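Let's take a friendly walk through a protein chain together.

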Amino acid sequence: MRRLLIRPGGIGDVITSLPALESLRSGYTEVWVPTALRPLVRFADRVESIADTGLDGFGIPDREPSPGLIERLAGFDSIVSWYGEAREEFRAAVEARGLPFQFFPALPRMDGALHAVDYFLAHARQSGGRIVEPIPRIGCPGGRRDFGVIHPFSGSARKNWPLTRFRELADVLDSRIPVAWCAGPEEALEGAVRFDDLYELACWLASARIYVGNDSGITHLAAAVGTPVVALFGVTNPRVWAPRGPRVRVVAAESMEDIQPNAVLDAINEIQRMPA
């Protein structure tokens, strides 16, 4: 069977979907994701950028599909898509051409009834996916080195612990282990480590002894490569979005300002006492 899996979204969205995507692996599996996330999908026979396929323009009135797109989609026996479920014109265009799409919502319910990983795995089971471990994993070579990572950002300022608190935490940690600060290309932080390639970032994170960060895609990435993670949650629901992994601890409060450095240090101490 030739199967296409289409998964839009941010870093955390795609990482929490990885078990579902892998459970749907078939004789030939192609995955379409946002451009920057291509390096994180390691299991597929081929990985494409959604933007490069022309899919975004498909179904828009008075616009012809990108050359070759329809033929390419028609070459799959099964297309499982978290893209386009809410786009009526896209679904209509798919149906009119008889393409083998099965659509699912791109985001889980926020009531905490299911963790995001389990939510997407439920979709995969509906599409005949096999049973897999419900933990996202991204393999990286190499071993641990003696340093910790702090990533003080996220996709929303409301999800960020105050930078002054992170600095207090770093002052304490730095007496035990060297601390490296991590930031994305658009995040202002002097002296931060930055990577253009997300897989290179993943493998750097995999070499760290500990990672501390907010509810962010990079925190999910650190957990997926097996780094011990302390994740800080305020406005978002950790029952839905907490990183999954055997060495993950969540520190949560009603607001990020309510999280105290001592609580984060306690979580770090606890996770570092756990066997590797």
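## Starting from one leucine

Let's begin with Leu201. Setting aside residues within four places in sequence, Leu201 is in contact with Cys182, Phe195, Ile218 and Leu221. Please keep in mind that this is a predicted model.

Where does Leu201 belong? Leu201 is part of the largest nonpolar core, which has 52 residues. Together with Ile138, Val149, Trp204, Leu205 and Leu221, Leu201 touches the most other members of that core. Several elements each supply at least two residues to this core: α1 (11–23), β2 (28–33), α5 (116–126), α7 (198–206), α8 (217–224), β9 (229–233) and α9 (238–241). Which of them gives the largest share? That is α7, with eight residues.

There is also a second, separate core, made of 24 residues. Ala170, Leu173, Trp181 and Val251 are included in this second core.

## A tryptophan and its arginine partner

Is Trp204 buried or exposed? Its relative accessible area is 12%, and a residue counts as buried when this value is under 20%, so Trp204 is buried. Beyond its neighbours within four places in sequence, Trp204 is in contact with Arg145, Phe147, Val149, Ala180, Cys182, Val193 and Phe195. Two of these names, Cys182 and Phe195, are also contacts of Leu201. For a sense of distance, look at Ser78: it is 126 residues from Trp204 in sequence, and their C-alpha atoms are 36 Å apart in space.

Now follow the contact from Trp204 to Arg145. Arg145 is in the loop between α5 and β6 (148–151). With a relative accessible area of 47%, Arg145 is partly exposed. Not counting residues up to four places away in sequence, Arg145 touches Trp204, Ser207, Ala208 and Arg209. Between the C-alpha atoms of Arg145 and Asp196 there are 22 Å, while 51 residues separate the two along the chain.

## A tyrosine in a strand

Next, find Tyr28 in strand β2. Tyr28 is partly exposed, with a relative accessible area of 22%. Which residues does Tyr28 contact, leaving aside neighbours within four places in sequence? They are Met1, Arg2, Arg3, Asp45, Arg46 and Phe76. Ala113 is 85 residues from Tyr28 in sequence, and the two are 33 Å apart in space, C-alpha to C-alpha.

## Stepping back to the whole chain

How many helices and strands does the chain have? There are ten helices and ten strands. The C-alpha atoms fill a box of roughly 65 × 35 × 35 Å along the principal axes. A compact globule of 276 residues would have a radius of gyration near 19 Å, and the chain, with 20 Å, agrees with this.

Buried residues make up 54% of the 276 residues. Among contacts between residues at least 6 apart in sequence, 59% join residues at least 24 apart.

## Surface and charges

The accessible surface of the chain comes to about 12,700 Å², and 49% of it belongs to carbon and sulfur atoms. The chain has 30 positive and 34 negative charges, and the mean positions of these two groups are 6 Å apart.

Note on methods
Residues numbered from 1 in each chain as written. Predicted model: local features only at pLDDT ≥ 70, side-chain atom pairs only at ≥ 80, totals over all residues. Heavy atoms only, no water. Helix = DSSP H or I, 4+ residues; strand = E, 2+ residues; numbered from the N terminus. Rg over C-alpha atoms; globule rule 2.2 N^0.38 Å. Buried < 20%, exposed > 50% of the residue type's maximum accessible area, 1.4 Å probe, protein only. Contact = heavy atoms within 4.5 Å. Areas by Shrake-Rupley, 256 points an atom, 1.4 Å probe, with all protein chains shown as cover. Lys, Arg positive; Asp, Glu negative; His and termini not counted. Charge placed at Lys NZ, Arg CZ, Asp CG, Glu CD. Core = buried A, V, L, I, M, F, W, Y, C linked by side-chain atoms within 4.5 Å.
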